[in-house]
Amino acid sequence: MSEHRSDEVDHLKRSIDWKQGMAIALGVPLLILPSLGYLPMWTSAAAILIWGLSVTQGFMQNAAYAEMATTFPKASGLPGFAQHIFRTENFTGKYDKGKLIGGFSAWSYWFAWNPVLAIFAILIGGYLHGLFPVLAETFTEYQLSLISGMVIFTLLSFVNWFGLKDGAILGYILGALSLIPLIVLTVAPFATGHVDLANITGNWLPADWTWDMNHILILFGIFAIAQWSACGWETAAIYGPEYKNPSKDVPKALLAVGIICFLSYVLVQTAVIGVLGVDGVVAEPLSPLIPVAKAIFGESGSMLTIMMLIIAMILIIQTAFLGSSRAMHSMATEGNLPKFFGKTNRHGTPFVALLVTAAFNMVLISVGSMAAILAAAAIGYTFANGISLFAYVKAKNHPSFANLERPFKAPKGWKHVAMLFGLFNLPLCLVGVVYLNSLEIGWGSTWVGFIVLSLYIPIWFYSQHESSRSKNAAAPVRAPDLDASDPELVPDPMW
């Protein structure tokens, strides 16, 4: 299957190794922060098990993603290879339905990662409002969120302008400043004896929990919310076109980040519930780490925790900023978005996609509801994972891909595992998260999610029209039929 690429869309540069890819993705363990108090509200201490199962789900899915990312090394991870695989071979018409499906997968992935910027800008605004009284007297939380978003997005746009390698350096710095204190805050409760196992074993499930259809749907919805955080380390594969040696760098980066995620997600949730109990966590749904810090380190520990969390949030904003901009660049490269979105600067940075991502998130911040934004993003993530896993199954079965070199191979028979988790995402988790949203925050976030996702359809049709015009403009003009009996119409052989 030939690879499509417009001359007006620029290639990314191969400039990083697996350690740098891991550094950029180190923000993913911090995705637990928005849901650290949310999961126990619905599932009590069983939230610990859900995080462990969700990261394990990530290992299952990412084995397939690593194989595809190395099989199609010029594609940007999930959004890239799904577009390539679903495109119809030797299609000669104007609108390729397979290409639409692959493009929709990439658009869903972009929408899943994009709101991370807005969610954590809102969190930062809230922490700053509570941390500094002088700011609280001058600005509302909403205003501080807007200011935080504008400052952080501008700063990161400047840093990332100079290429992915510099983004990885920023990841090293922020990773050291945020993950190390987070590890200390997680381990300290166990070391000091503040973790009461009775808080866990005595509150494993809510008292009113029953295994009826209502609670099963809630559980599917919880898994959808959890995987938005716990499976997000597939972002290490999205930099496939920018790894120096993708066949080795991609699986190494994925494995390293996955191990870090498994340990951090399980231990952080265990420490928080063990110290505060389920009721204590539910009482502080947005910032349960603050009372944990107070219990162990006193008031000074609370101040340190907030500053650490703000630094950590900047790291995850950086991770999402890079991942979503690469998804948009990938769509433009594959002809599923207008070519304008694929423009890169001389450093190989897709700067148009970066600027569009920043502007879109400033609009999202104006929504003001972090829960609604997260719920909408989770809908996009279930679509992205489900379609990407079905793409893996197609790549294993379709004759066009049978002879492609696969530098990294998932275990034998993995297409069945991919199909299982694909169906888990679509339809089970999708139905579950829509149901959960209706119970928790109404139908607003669901409508936002589906409206943003559906906007892709007219954009896609426009991009196909644009591609068609470019092909027609580039097509050679057919010379008129010549009458050989007329010497004035016969061209000079030397011409």
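How many aromatic pairs does the structure hold? The structure holds 19 aromatic pairs, counting rings of Phe, Tyr and Trp (its six-membered ring) whose centres lie within 6.5 Å.

## What you're looking at

This is a predicted model, where local features need pLDDT of at least 70, side-chain atom pairs count only at pLDDT 80 or more, and totals for chains, interfaces and linings use all residues. Residues are numbered from 1 along each chain as its sequence is written, and side-chain values use heavy atoms, with hydrogens and water left out.

The protein chain has a mean pLDDT of 85, with 90% of its residues at 70 or more; pLDDT is the predictor's confidence in each residue, from 0 to 100. Helices here are DSSP runs (H or I, at least four residues), numbered from the N terminus.

Over residues 1-8 pLDDT stays under 50, and the model has 20 contacts (heavy atoms within 4.5 Å) beyond four places in sequence for them. Residues 478-495 also stay under 50, with five such contacts.

Take phenylalanine 72 and phenylalanine 401: their rings sit 5.8 Å centre to centre with 80 degrees between the planes, an edge-to-face pair (planes over 60 degrees apart; under 30 is stacked, the rest tilted). Phenylalanine 72 is in the loop between helix 3 (47-71) and helix 4, while phenylalanine 401 is in helix 17 (residues 399-402), so the pair ties together parts 329 residues apart in sequence.

## Helix 11 against helix 18

Helix 11 and helix 18 (residues 414-440) have axes that come within 7 Å and cross at roughly 105 degrees. Axes are lines fitted to C-alpha atoms over the stretch in contact, and angles run from 0 to 180 degrees between N-to-C directions. The two helices are therefore roughly perpendicular (65 to 115 degrees; under 35 is roughly parallel, over 145 roughly antiparallel, the rest oblique).

Residues making the contact include Phe220 and Phe223 of helix 11 and Phe424 and Tyr435 of helix 18. They divide into 15 nonpolar, five polar and no charged (nonpolar: Ala, Val, Leu, Ile, Met, Phe, Trp, Tyr, Cys and Pro; charged: Asp, Glu, Lys and Arg; polar: the others, Gly among them).

## Helix 4 against helix 16

Helix 4 (residues 77-86) packs on helix 16 (residues 370-397) at about 50 degrees, axes 9 Å apart, so this pair is oblique. Phe81 and Phe86 of helix 4 and Phe390 and Lys394 of helix 16 are among the residues in contact, which divide into nine nonpolar, two polar and one charged.
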